[in-house]
Amino acid sequence: MEEPRTTAAAVDAAAAVSLPEATGSVQAAQLAQAAQTGDSAGPGRPAGGKRASLGPVALVVAGGLSVQFGAAIAVLLMPRTGALGVVSLRLALAAIVLLAVCRPALRGHSRADWGTVIAFGAVLAAMNCLFYQAADRIPLGAAVTLEVIGPLALSVIVSRRLVNLLWAGLALGGVLLLSGGGFDRLDPIGTAYALGAGAMWAAYIVFSARTGRRFPQADGLALAMAIGALLALPLGIVESGSKLLVPSTLGLALAVAVMSSVLPYTLELLALRRLPAPTFAVLMSLEPAIAATAGFLVLHQALSATDALAIALVIVASMGAVRTQIGHANPKPSRKPNPSPASEPSRRTAREAAGEETP
């Protein structure tokens, strides 16, 4: 996938609704956004019927397609600049675009605000560096599938429900199938990078949500992107030097920055204002399949039947963990009989006691 996105709530597929802290941050961010935009329906409750509910879903899917095909273009760019060169160019160009569009205020923020956004930027840089190192060594679909294991594992560990052991078993089966019985088929170093990117993904979820609560709109993302670029740029310069300044390379890198950062972050920010975080999380579970498709169409990385089955198992495990956690967090309300007319006087009395007018 290349890395999870979303600014106001970087709610990842498996962990967003599972980690208590992340969930609280997500909902707080959505509530804050709803208040800022005057959304009377509240976060995640479309007011316009079926068409309104499909709109945010389309935005999330479009964001997923954009980021994965952007990742495929980044792989094509790696022979010119190396993995770290791609990361540094992508983050730098994305930061320039976001800073120009958002124009975030540098004053008026507390020390805690800056600490949060700096941590977010460091996680962004680390996650991208690890993922691109993985994508340079193993197929894109495999890299994203292994990356998903990080937040999925945290989801299972944090949850105390036995049913999540089933999802963990499915995910483990998918990883074993993907490895072909041994990670030497995939390249052990690339596999380690992908798993490390997954760990950073989990950290990304928490810090992105916190940043969304502390900064308006996409200001926090723009600042974090700039910090991530400052951290990654020296690595790219050491690896590639003047190759980073070749016009054709800059053009491709700009396409990667727009497709992998600016566009998907923006689309998902808009979607999360009207889409429940659990629904978003389920949709994000499809990222490995989208990445495998992008790898096939752009990079000609064909999937075997075993690889396809492995990716499917991880997707099912991710969706299952999300749905299980949703059901645990939102139990069905008990059905109560409709109040009888005899109860109306008591309700009227209660309103009077509260100082309300009665007809």
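I looked up S88 and found that, apart from its neighbours within four places in sequence, S88 is in contact with A232, L233, G236 and L244. Contact here means heavy atoms within 4.5 Å. I am working from a predicted model, in which local features need pLDDT of at least 70, side-chain atom pairs count only at pLDDT 80 or more, and totals for chains, interfaces and linings use all residues. Residues are numbered from 1 along each chain as its sequence is written, and side-chain values use heavy atoms, with hydrogens and water left out.

**S88, continued.** I placed S88 in helix α2, residues 49-102. Helices are DSSP runs of H or I with at least four residues, strands are runs of E with at least two, and both are numbered from the N terminus. S88 has 0% relative accessibility and therefore counts as buried. Buried means under 20% relative accessible area, exposed means over 50%, and partly exposed lies in between, with a 1.4 Å probe and protein chains only.

**F69.** I also found F69 in helix α2. Its relative accessible area is 22%, so I note F69 as partly exposed. Leaving aside neighbours within four places in sequence, F69 is in contact with M259, A294, L297 and V298. I then checked F69 against A292, 223 residues apart along the chain, and their C-alpha atoms are separated by 9.9 Å.

**Helices α3 and α6.** I took α3 as residues 111-135 and α6 as residues 188-214; their axes come within 8 Å and cross at roughly 155°. Axes are lines fitted to C-alpha atoms, for helices over the stretch in contact, and angles run from 0 to 180 degrees between N-to-C directions. α3 and α6 are therefore roughly antiparallel to each other. That label applies over 145 degrees, with under 35 roughly parallel, 65 to 115 roughly perpendicular and the rest oblique. By class, I list 19 nonpolar, six polar and three charged residues in the contact of α3 with α6. Nonpolar covers Ala, Val, Leu, Ile, Met, Phe, Trp, Tyr, Cys and Pro, charged covers Asp, Glu, Lys and Arg, and polar covers the others, Gly among them.

**Whole chain.** I recorded 12 helices and zero strands in the protein chain. Of its 359 residues, 50% count as buried. Among the contacts with a separation of 6 or more, 88% are between residues 24 or more positions apart. The accessible surface is about 16,000 Å², and 66% of that belongs to carbon and sulfur atoms. I note the method as Shrake-Rupley with a 1.4 Å probe; for residues, only the protein chains shown count as cover.
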